[in-house]
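User: I would like to go through this model with you, one question at a time.

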Protein chains: 4
Amino acid sequence: MTTHRLIPTAWHSVLGTLPVAITVESGDTIVTETIDANGWDKDGNKVANGPNPMNGPIAVAGAERGDTLRVDILDMTPNRATGWTRAALAANVVDPSFVTQLPERHRVTWLIDRNAQTARLESPPAALADMVLPLAPMIGCLGVAPAGGQAISTTTSAEHGGNMDYRRIAPGATAWFPISVPGALFFLGDCHAMQGDGEIVGTGIETSYEVTVRLTVEKRSIVWPRGETERDIFTLGNARPLEQALQHATTEMVRWLAELGLDALSAGHLLGQTVRYDVGNVFDPAYTMACRLPKNALPGRGR
Amino acid sequence: MTTHRLIPTAWHSVLGTLPVAITVESGDTIVTETIDANGWDKDGNKVANGPNPMNGPIAVAGAERGDTLRVDILDMTPNRATGWTRAALAANVVDPSFVTQLPERHRVTWLIDRNAQTARLESPPAALADMVLPLAPMIGCLGVAPAGGQAISTTTSAEHGGNMDYRRIAPGATAWFPISVPGALFFLGDCHAMQGDGEIVGTGIETSYEVTVRLTVEKRSIVWPRGETERDIFTLGNARPLEQALQHATTEMVRWLAELGLDALSAGHLLGQTVRYDVGNVFDPAYTMACRLPKNALPGRGR
Amino acid sequence: MTTHRLIPTAWHSVLGTLPVAITVESGDTIVTETIDANGWDKDGNKVANGPNPMNGPIAVAGAERGDTLRVDILDMTPNRATGWTRAALAANVVDPSFVTQLPERHRVTWLIDRNAQTARLESPPAALADMVLPLAPMIGCLGVAPAGGQAISTTTSAEHGGNMDYRRIAPGATAWFPISVPGALFFLGDCHAMQGDGEIVGTGIETSYEVTVRLTVEKRSIVWPRGETERDIFTLGNARPLEQALQHATTEMVRWLAELGLDALSAGHLLGQTVRYDVGNVFDPAYTMACRLPKNALPGRGR
Amino acid sequence: MTTHRLIPTAWHSVLGTLPVAITVESGDTIVTETIDANGWDKDGNKVANGPNPMNGPIAVAGAERGDTLRVDILDMTPNRATGWTRAALAANVVDPSFVTQLPERHRVTWLIDRNAQTARLESPPAALADMVLPLAPMIGCLGVAPAGGQAISTTTSAEHGGNMDYRRIAPGATAWFPISVPGALFFLGDCHAMQGDGEIVGTGIETSYEVTVRLTVEKRSIVWPRGETERDIFTLGNARPLEQALQHATTEMVRWLAELGLDALSAGHLLGQTVRYDVGNVFDPAYTMACRLPKNALPGRGR
């Protein structure tokens, strides 16, 4: 189990079958510094163009189409004292008749206090003068090369992952992605110091991070991304409208529960009374819905 | 401040301008026993037809169109040893191509242990033999008479409230509804011993409850239902698709924040990084989305 | 077969179980004058409030829940020299980011030339100075009382019909509605001198009409409204999002084709290659989609 | 103006920046034989894998990002005596609760009579024994390389075009696409001998065609695909849900009308009373809606 440091020389705004940045063995750990969604690095230099430039792709030896890539997010360390957001709600998250009341969506700066692990607006409006928020780092965009020669924009998402902006993809979590090409070709970037559900201003607090992940190939198949935190398991569906994303995520959870020994009837009973849905990105072309199940609701898990 | 006991002699499957069951003063408390979604009471007698027969309407003296009805949910006590659910996921919450893999949606019985405050299936499948779940009571359907002479089915929801199936409408919570007719005409029923997000089997654990609420008229206007718990404030949007429900709820939250002194710019900053969305009913004609904000994120609330 | 003249003394902005305006026998003809969507009659007097005040309800003797009401639209004669529209596209039919570029939605007057059977703007913008459009009359809102004590606003639509704004509901056409209450309780109003698909400015050319319909009870059941013109048969689904309306309409057409002797396989072959979809209302809470099949595509119809 | 014959040696299931098959001058004509959606050619040989293998890309000299590619469809000649369809409605075009009543979606053969210009099922069910349908050829999938290094599957569609399955993209029509890469990189394939609206069985009558197109670079910008037939102009939006596709198409039509001298107010008046919407593909990940305007409704066009 080797630890690699990936120092990117190119970044990508699509996830596809692109020239490999580094090849690792299954089980290896990679440390890499991501740049922000507009391509600014930890030193404030613009080194790439947006949207959401990705580090990678990282090839994992032995990965084949039909396998699953396990991604353990071991650490995320902010490495810049500032982040930025858009200043206004996106037009698609309010009533159409309310759109004319939204302010301009200019860019604003946040100050990130790495000691206190908090963020605050550099020039807050008076009403928010005292707003200091705890950091809650997450990876906004990550996933693998899609099937069939596709190269999918980092502004959207699908079965391969992508720009899902789900806040439980965070340090300590594990995510799984369905592998479509040899080597899996993993990408990551677009880290946020924090973000509300839905990324409804079109951004989290966008900044640069040092990220440590461990990549492992598993010889089994999944359809949509899955994940696990200390307390929950979850599946992710990506589509519009939001109920189609919910359908994908729910169906994937039923498949997962089948692997755990629950037939569709048992899965219905369990999910019907214990499921939780979380909203990921509702800003981009595909929306993300998580179907989440507390581990303590799973049979034999110590209820 | 009087406490009334409402003993229904009729139940209603629409919320509309119907004959008043009881008239109370603003600030009065009402204790009433609700029957289950199919019309079975605490003694197991079928006293009404479904869907979701409501107690009420309760008229509140002095309520006028344009006012707001505040509903404090003071207590919910289960008064029957059994509840029931549907056995399978609804066809609309899985992928269309997966529908053929769902089992029949027959009715199954749950045993409610009122001492232990838990529920379990009467005849669980083997995989769920040890599943015992903590009760989490909630009111599935409540609201006021809608405007313009409408009588809206208890299978759906709109600005007036209705069948929202949101699990934070629970003991200790407060909900507000926009009043459209003199007296407000409040209805409630369809209580659940517990329910997962979305009511994705088409039911929570359906049973009868003794419910205690306090009704207060407030001389201010809202557009969509609002609520408050110990930790959060929330707004509720009801529509399809789910993103339209999200738009309604988000817009209402922006209006609420404006009343609290935050202009649209400040609201965008705050919601963008701290909002939470919860899924209510995704089974019925209108879906429900809650836009929720932790109170500790509100300016001046002790962050 | 009697011909009745219904002279309304009250109008309704909901379709529900309301006091009967007139009772007729199955097969009778009714002549009645409708007022415009804001309640202005043929003489320019405001006699009712909007939205979409309806004439009716007309009870048909012998109609029972589970029957079907056949409505033959025998004639529509405009009886006012003016109509009106809204001046701008509705906010929900353009991209959310484009909403700020829409003009105000004020009311504008059209001149209706009943001899030439044309309409033109009273004060057209320069670019439309020569725009003279042929009249294409249609009934915007019609249907029967819904089930279960509901009273559904004339701004929306469902299984019972309502505000569908489908331009093939026009002179010479027949429409069918599923009956939910004794007497059927038929309503009509909201006539348009013409209208584009979708009613995307929120109005057709709104004016008053003398309408002649024949009402017949049929002892068979349907689920969603159906219709027939000289050249086509069609079914109507009402819901959001638009694909759900399409699902309802397509499913109803499959049921209709089954009644005509085509099993689901044959219906798939036929619809797959010959179906047409038309957009009704996309302005109101429920959208309308028509599933239409040219009669000459039906087996044994002279292809 | 040269006429080229493109004889493909490779086919593509994505539209992207791929190796150029042929480079032509603006205004040149290209004749090429397309294979069917599963990769079978005119001789019944499988020469490529699906889905929807494309001929191309064809580079047009001088085309730059921001330009528009004009595609005149000069001719489509069927060159095989058979086509195929799927036998059943897709699960997503009927009510979720109706899905279990659909038959299997196996592949069935149609006989194409090139003299009579008709098609009929090789082994029709009894109810369709006499069904003979007139050919109505169309190009199911066509468009240009998308922006930003994307390679978008031929099962879906976006601003660049793709699998729109719109039946007015047919001989005699002109289509325009927004150019995102040097040379435009035009692709075409997936021709249908006929197809109902929506491609609701997941196919038209899939077969091989000889297609003749003329490609011309225009130095102006558009956002979404546009088209023109003898009688109409139209714009195409691609997205889910269907109302978002409608929003894109309507917005693009307003932009087009602005180029023709109509401000947003005039466009609203004109579209409000004369627009037609047509449904393209409702089977694939993105749905297609056409916003269509009869030319005789355009100012100065001889109304």
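Analyst: Copies are superposed by least squares on the C-alpha atoms of residues with pLDDT of at least 70 in both, and the model itself is predicted.

User: By what turn can chain A be laid on chain C, and which residue of chain A comes closest to the rotation axis?
Analyst: Chain A can be laid on chain C with an RMSD of 0.0 Å, by a turn of 180° and a shift of 0.0 Å along the axis. The two copies are thus related as by a two-fold rotation axis. Of the residues of chain A, the one whose C-alpha comes closest to that axis, at 2.8 Å, is Thr100(A).

User: Which three residues supply 59% of the area that chain A buries against chain C?
Analyst: Between chain A and chain C an area of about 490 Å² is buried, and carbon and sulfur atoms give 83% of it. More of chain A's share than any other three residues supply comes from Pro96(A), Val99(A) and Thr100(A).

User: Which residue of β4(B) stands opposite His4(B)?
Analyst: His4(B) lies with Leu6(B) on the covered face of strand β1 (residues 3-6) of chain B, whereas Thr3(B) and Arg5(B) are on the uncovered one. This strand runs parallel to β4 (residues 29-34) of chain B, to which 4 bridges join β1(B). In β4(B), the residue opposite His4(B) is Ile30(B).

Notes. Residues are numbered from 1 along each chain as its sequence is written. Chains are lettered from A and ligands numbered from 1 in the order in which they are written. This is a predicted model: local features need pLDDT of at least 70, side-chain atom pairs count only at pLDDT 80 or more; totals for chains, interfaces and linings use all residues. Side-chain values use heavy atoms; hydrogens and water are left out. Buried means under 20% relative accessible area, exposed over 50%, partly exposed in between (1.4 Å probe, protein chains only). Helices (H or I, at least four residues) and strands (E, at least two) are DSSP runs, numbered from the N terminus. Two strands pair if DSSP finds at least two bridges between them. Buried area is the accessible area (1.4 Å probe) that two parts lose on being put together, summed over both.
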